[in-house]
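Here is a short report on one protein chain. It goes from the overall fold to single residues.

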Amino acid sequence: MASWVNSLGLVFDIIGAVLLWRYGLPEAVSRTGAIALILEQDDKAEAAKTKRYDLLSSCGMILLVVGFVLQLLSNFL
């Protein structure tokens with residue numbers, strides 16, 4: 001049982017790390033949705049992309065924490 005919990009924790013860690021690597025917010029994404037050339041206009045698509053990146057990077061961090069907790073828990077099983 002302990003090895004299964006540990007393995008599940010490792011899988012969560014890998015998925016979480018990949019999500020953070022892929023959706024960690026790059027510098028090129030505007031957090032407000034502002035267009036660089038037209039300062040008075042907001043880009044709805046860019047704002048939606050920012051929300052998606054924020055959600056997926058948060059999911060990645062949560063998966064990492066859950067994975068580490070599962071690995072720690074497996075030591076006590």
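How many helices and strands does the secondary structure of the protein chain come to? The count is two helices and zero strands. The model is predicted.

**Overall picture**

The protein chain has 77 residues, and buried residues make up 26% of them. Its accessible surface comes to about 5700 Å². Carbon and sulfur atoms hold 69% of that surface.

**Helix α2 and its cover**

Helix α2 spans residues 44–74. It has 31 residues. From the first C-alpha to the last, α2 reaches 45 Å, close to the 45 Å expected at 1.5 Å a residue.

Which residues of α2 are buried? They are E46, T50, Y53, L56, S57, G60, L64, G67, L70, Q71 and S74. The cover over these buried residues includes α1, residues 2–23. An α-helix has 3.6 residues a turn, so residues three or four places apart point the same way.

**The aromatic pair**

A search of the whole structure finds one aromatic pair. The rings belong to Y23 and Y53, with centres 5.3 Å apart. Their planes stand at 85 degrees; edge-to-face needs over 60, so the pair is edge-to-face. Y23 lies in helix α1 and Y53 in helix α2, so the pair ties together parts that are 30 residues apart in sequence.

Are the two partners buried or exposed? Y23 counts as buried because its relative accessibility of 13% is under 20%. Y53 is buried too, with a relative accessible area of 8%.

R52 also has its place in helix α2. R52 is partly exposed, because its 46% lies between the cut-offs of 20% and 50%.

| Residue | Relative accessible area | Class |
|---|---|---|
| Y53 | 8% | buried |
| Y23 | 13% | buried |
| R52 | 46% | partly exposed |
| L77 | 55% | exposed |

**The nonpolar surface patch**

Which residues form a nonpolar patch on the surface? M1, L73 and L77 do, with about 350 Å² of accessible area together. L77 lies in the segment after α2. L77 counts as exposed because its 55% relative accessibility is over 50%.

Key. Residues numbered from 1 in each chain as written. Predicted model: local features only at pLDDT ≥ 70, side-chain atom pairs only at ≥ 80, totals over all residues. Heavy atoms only, no water. Patch = residues over 30% accessible without salt bridge, like charges linked within 9 Å, V, L, I, M, F, W, Y side chains within 5 Å. Areas by Shrake-Rupley, 256 points an atom, 1.4 Å probe, with all protein chains shown as cover. Salt bridge = Lys/Arg side-chain N within 4 Å of Asp/Glu carboxyl O. Helix = DSSP H or I, 4+ residues; strand = E, 2+ residues; numbered from the N terminus. Buried < 20%, exposed > 50% of the residue type's maximum accessible area, 1.4 Å probe, protein only. Expected span 1.5 Å × (residues − 1). Contact = heavy atoms within 4.5 Å. Phe/Tyr/Trp six-rings, centres within 6.5 Å; stacked < 30°, edge-to-face > 60°.
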